[in-house]
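Have the sequence and the 3D view ready as you read.

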Amino acid sequence: MAWDSVPWFTEGGAEHSSEVARLLAYAAFGGAQGIVGPNDLAVRALASPAAQVQVRPGACAIINRAISSQYQAYAGRLPSSDTVNIAATGASARSDLVIARVENPYSYGETWPNPSDPTIGPYIFTRVISNVPKTTTDIRQIRPVDSAITLARIDIPANTSSITQAMIKDLRDMVSPRRHRVLYTAFPGSLSTLAYSDNKWHNWPGAASWDIDIPAWATRAKVVMTFAGLRMTRSNVYARMQTKWGSTLLGQDTYIDDDSGNGTRRSTIVLADNYALPSVLRGTTQTLSVQTYMYKSETGDVSVDSGSSIVADVEFVESPDEEEV
């Protein structure tokens, strides 16, 4: 089979094919599809819930899935919000999928109707695919040959005509999310002990504290905090630990439950969290630290010393932003 005879870009008035132009878009998007920015094309209920939802402005990449269209993608843009109707349910609940779809009748093998004006189309639409299985997370599960991306699924209770935000499950993917990962370490130079005490949280150990610049683009932070050589003494220990950003964003509790008696022993404790970063923290410097809660029900102490190592594995991630803007 011969080459497409005009590569991008050739001078002299050469005519470039749409296939080669879509190849350029495919390469620019790295062969992926999805939204371009984390706030793009979010599906939101109306301020006064009604039988409609709104798709917020944004941009996207959509793989061309027409026959013989390998290595081709569309670049789409929604400059202002788009509102689409959602049919009311009857006696049974229903799930609808909200998608962005390219309907190009000129691409080989496609059967979409021709637009009234070929110059301006339109060729891309917000579409609602009604009555899909409630487990559906991708348009390709039910329409694998559509050139489309999935934005959201709406799970509508029976006898409902107004859509609320609680019914909308965000299913957007980003075409090229940014990531940034750094390891932070601390090695306590001397003994620091938190004695069994008062059923309250304490900012301990102090060595587990780092001032970290949060990227302005980061919507999530994945944190794995490891305490190697955590020392326990005097009696059984029952405690819990959690990570925190600043003074308000708290992670999940990890429990320390040691019934080894009164000997000195060491253990490895791991805390893990996947934080949604609110917009007020993005682009700021925040302190990542740890706090520990000691229960009165046991009388052992915990400590770190020169035989302890503390490691914070922090990865910032750009992902579809579910925060209301």
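**A strand with two faces**

Buried here means under 20% relative accessible area, exposed means over 50%, and partly exposed is in between (1.4 Å probe, protein chains only). Strands are DSSP runs of E with at least two residues, helices are runs of H or I with at least four, and both are numbered from the N terminus. In a regular strand, side chains alternate between the two faces of the sheet.

Before going on, a word on the model: it is predicted, so local features need pLDDT of at least 70 and side-chain atom pairs count only at pLDDT 80 or more, while totals for chains, interfaces and linings use all residues. Residues are numbered from 1 along each chain as its sequence is written, and side-chain values use heavy atoms, with hydrogens and water left out.

Which strands sit beside strand 3? Strand 2 (residues 43-50) runs antiparallel to strand 3 and is joined to it by four bridges; two strands count as paired if DSSP finds at least two bridges between them. Strands 2 and 3 make a hairpin with one residue between them. Strand 6 (residues 82-85) also runs antiparallel to strand 3, again with four bridges.

Two bridges join strand 1 to strand 4 (residues 58-63), and Ile35 stands opposite Cys60 in strand 4.

Now step back to the whole protein, which has one helix and 22 strands. Its radius of gyration is 27 Å, whereas a compact globule of 325 residues would be near 20 Å (taken over C-alpha atoms; the globule rule is 2.2 Å times the number of residues to the power 0.38). Buried residues make up 46% of the 325.

What lies inside? The largest nonpolar core has 36 residues, and Trp210, Met225, Phe227, Trp245, Leu288, Val314 and Phe316 touch the most other members. A nonpolar core is a set of buried Ala, Val, Leu, Ile, Met, Phe, Trp, Tyr and Cys residues joined through side-chain atoms within 4.5 Å. Strand 15 gives the most to this core, with six residues.

Finally, look at the rings: the whole structure holds ten aromatic pairs. Trp201 and Tyr293 have ring centres 5.4 Å apart and planes at 70 degrees, so the pair is edge-to-face. Rings of Phe, Tyr and Trp (its six-membered ring) pair if their centres lie within 6.5 Å; planes under 30 degrees apart count as stacked, over 60 as edge-to-face and the rest as tilted. This pair links distant parts of the chain, 92 residues apart. Trp201 is partly exposed, with a relative accessible area of 30%, while Tyr293 is buried at 12%. Ring pairs also link Trp201 and Tyr293 with Tyr238, Tyr255 and Tyr295 into a cluster.
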